[in-house]
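Good morning, everyone, and thank you for making time for this. I would like to walk through one structure slowly, so please have the sequence and the picture in view.

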Amino acid sequence: MINVRSFDFIQDYADVSGWWKAQGWPVIPLDHLSTDGWIGEINGKKAVAAWVYHTNSAFCLLEFIVVNPEVRREERKAVMDQFINSMVEYTKGLGFKTMFLTTKSQGLISRLESQGFQITDRGTSNLIRSL
């Protein structure tokens, strides 16, 4: 059974931080995560997480998508499809008209294209500056 629920910053952050570390990614500081976070579960096991960043326009971002590396590939594919669909429907319900996200994962790109996403850029760089 697949379930999509709100991210619980107390109960879920340690698990998701472990997923980032296991994949060689830096752990996103808690105060950098949107309060609109989500977890996808399959058969009661946490499988994917992402955060919706709201803007003051019809444009939102779905960022920091991360999967539990311990979830089997078949389960990951099933939960990811439902999770992305749920995020699209949720943000449409909020009035957003366009969702933007970044990834370099070819597997995720393929999943997103099958869900109606279009590649807009290739070979770009994301830049960040601490303020």
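Predicted model: local features only at pLDDT ≥ 70, side-chain atom pairs only at ≥ 80, totals over all residues.

E2 and E3 belong to an open sheet of five strands, whose order is E1-E2-E3-E4-E5 and whose pairing is mixed. At the edges sit strand E1, residues 2–6, and strand E5, residues 98–100, each of which pairs on one side only. If we ignore direction, neighbouring strands of this sheet are turned by 25 degrees against each other on average. Helix H2, which covers residues 73–93, packs on the sheet and touches E1, E2, E3, E4 and E5, while its direction makes about 145 degrees with that of E2.

E4 and E5 pair in the parallel sense over three bridges, and together E4, H2 and E5 make a right-handed β-α-β unit.

Now to the backbone, where I would like you to keep one general point in mind: most residues other than glycine have a negative phi. Asn43 lies in the loop between strand E2, residues 37–42, and strand E3, residues 45–53, and with a relative accessible area of 54% it is exposed. For Phe64, phi is near 55 degrees, again positive in a residue other than glycine. Phe64, however, lies in strand E4, residues 59–67, and is partly exposed, with a relative accessible area of 31%.

Strand E4 also holds Glu63, which deserves a careful look. Glu63 is buried and yet has no salt bridge, since the nearest side chain of opposite charge, that of Lys104, is 13 Å away. What does Glu63 touch, if we leave out residues up to four places away in sequence? Its contacts are Ala50, Trp51, Tyr53, Phe100, Leu101 and Thr102.

That brings me to the charged side chains that do meet, and the count comes to seven salt bridges. One of them joins Asp12 to Lys46, with the closest N and O atoms 2.8 Å apart. This pair links distant parts of the chain, because Asp12 is in the loop between E1 and helix H1, residues 13–22, whereas Lys46 is in strand E3, 34 residues apart. Are these two residues buried or exposed? Asp12 is buried, with a relative accessible area of 1%, and Lys46, at 17% relative accessibility, counts as buried too, because the cut-off is under 20%.

For other surroundings, look at Glu74 and Arg72, whose side chains meet in a salt bridge at 3.4 Å, N to O; both of these residues are exposed. The side chains of Glu89 and Lys92 meet in a salt bridge as well, at 3.5 Å, N to O. Why are these two separated by about one helical turn? The reason is that Glu89 and Lys92 are three residues apart in helix H2. Glu89, at 42% relative accessibility, counts as partly exposed. Finally, salt bridges that share partners join Arg5, Asp12, Asp15, Glu41 and Lys46 into one network.

Methods. Residues numbered from 1 in each chain as written. Heavy atoms only, no water. Helix = DSSP H or I, 4+ residues; strand = E, 2+ residues; numbered from the N terminus. Buried < 20%, exposed > 50% of the residue type's maximum accessible area, 1.4 Å probe, protein only. Pairing = 2+ DSSP bridges. Axes fitted to C-alpha atoms, helices over the stretch in contact; angles between N-to-C directions. Contact = heavy atoms within 4.5 Å. Right-handed = clockwise from strand over helix to strand, strands pointing away. Lys, Arg positive; Asp, Glu negative; His and termini not counted. Salt bridge = Lys/Arg side-chain N within 4 Å of Asp/Glu carboxyl O.
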